[in-house]
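Me: I would like to learn how to read the packing of helices and strands in a model like this one. Could you take me through it step by step?

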Amino acid sequence: MAIRSLGRIEWYGERRGERRARRVARAVAVGLSAVVALPVGGAAAHAGAAPGASAPALSAPEFRMFSSELRIGDSGAEVERLQQRLIDLGYWLDAADGEFGGHTLHAVWALQKAAGIDRDGIVGPVTRKALDDGVRPRAQSTSGDVVEIDLERQLLLVVSDGEVEKIFTTSTGSGKTYESQGEERVAVTPKGRYTVFRDVDAWDPGPLGSLYRPKYFNRGIAIHGYTSVPPHPASHGCARVSVKAMDWLWSSGRLDIHSTVLVW
């Protein structure tokens with residue numbers, strides 16, 4: 001009888017030890033899952049900074065997911081993670097497809113412009129830090145739905161009640177002189193508050209070339225799509241974005257007739 005009791009005690013002791021081991025294993029697994037599930041982006045940045053100032057808007061763990069620089073022509077999982085981070089921060093991209101093409105280049109330029117760093121389109125240590133810091137531009141307006149054109153940083157911002165929702169790279173007036181219809185003019189994008197008064201849902205031919213789906217807000221000056229959108233001022237006065245970015249602006253309804261455009 002004593003032997004059977006002792007055997008039963010030993011058996012129960014082994015079962016308790018197994019259950020304890022399983023509990024420890026589950027706890028470790030939950031802890032690891034929590035680490036893996038850490039979000040890339042956090043909450044929006046606090047308000048109160050000066051209008052137009054660049055500041056971190058999303059906190060995140062360090063964005064050290066690249067073993068080398070990323071640039072146009074690269075592809076793979078690291079590029080896809082870069083694209084998703086840019087999208088999470090509000091920089092416009094049509095998709096996170098793992099291909100570093102022209103639209104990803106434009107989004108990287110927009111981030112570099114907002115951060116005030118070299119606009120080389122290469123995701124190296126300085127640009128990765130901007131991704132880590134969650135750099136986003138701030139809006140100039142504080143109320144209403146506004147499309148803002150930041151001339152200094154060459155950014156186009158879709159803003160609602162002071163919150164930046166989408167960020168695009170743009171190219172505005174170069175400041176150079178040019179001749180049109182027998183007159184010499186200067187390529188500038190005038191500052192001011194305007195309203196979209198006309199649009200053309202096609203390539204709109206003009207004396208200086210065709211504009212893709214333009215939204216006119218100041219006489220012949222429009223926000224429009226174009227095949228060339230360098231990271232510096234290069235237009236005759238319009239604000240250029242990529243063709244696909246212009247398609248998004250049309251479909252979003254944020255540049256409909258009577259919409260507000262603020263150039264500053």
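Me: How are H3 and H4 oriented to each other, roughly parallel or roughly perpendicular?

Reply: Angles run from 0 to 180 degrees between N-to-C directions, with axes as lines fitted to C-alpha atoms, for helices over the stretch in contact; under 35 degrees counts as roughly parallel, over 145 as roughly antiparallel, 65 to 115 as roughly perpendicular and the rest as oblique. Here the axes of H3 and helix H4 (residues 125-133) cross at roughly 80 degrees and come within 10 Å, and the two helices are therefore roughly perpendicular to each other. This is a predicted model, in which local features need pLDDT of at least 70 and side-chain atom pairs count only at pLDDT 80 or more, while totals for chains, interfaces and linings use all residues. Residues are numbered from 1 along each chain as its sequence is written, and side-chain values use heavy atoms, leaving out hydrogens and water.

Me: Which residues of H3 and H4 make the contact?

Reply: Contact means heavy atoms within 4.5 Å; H3 contributes Val 108, Leu 111, Gln 112 and Ala 115, and H4 contributes Thr 127, Ala 130 and Leu 131.

Me: In what order do the five strands form the open sheet?

Reply: Helices (H or I, at least four residues) and strands (E, at least two) are DSSP runs numbered from the N terminus, and two strands pair if DSSP finds at least two bridges between them. The order is S5-S4-S3-S14-S8, with mixed pairing. Strands S5 (163-169) and S8 (192-195) stand at the edges, each with a single partner strand, so one side of each lacks a neighbour in the sheet.

Me: Where does helix H3 lie on the strands?

Reply: Helix H3 (residues 102-115) lies across S4 and S5, at about 120 degrees to S5.
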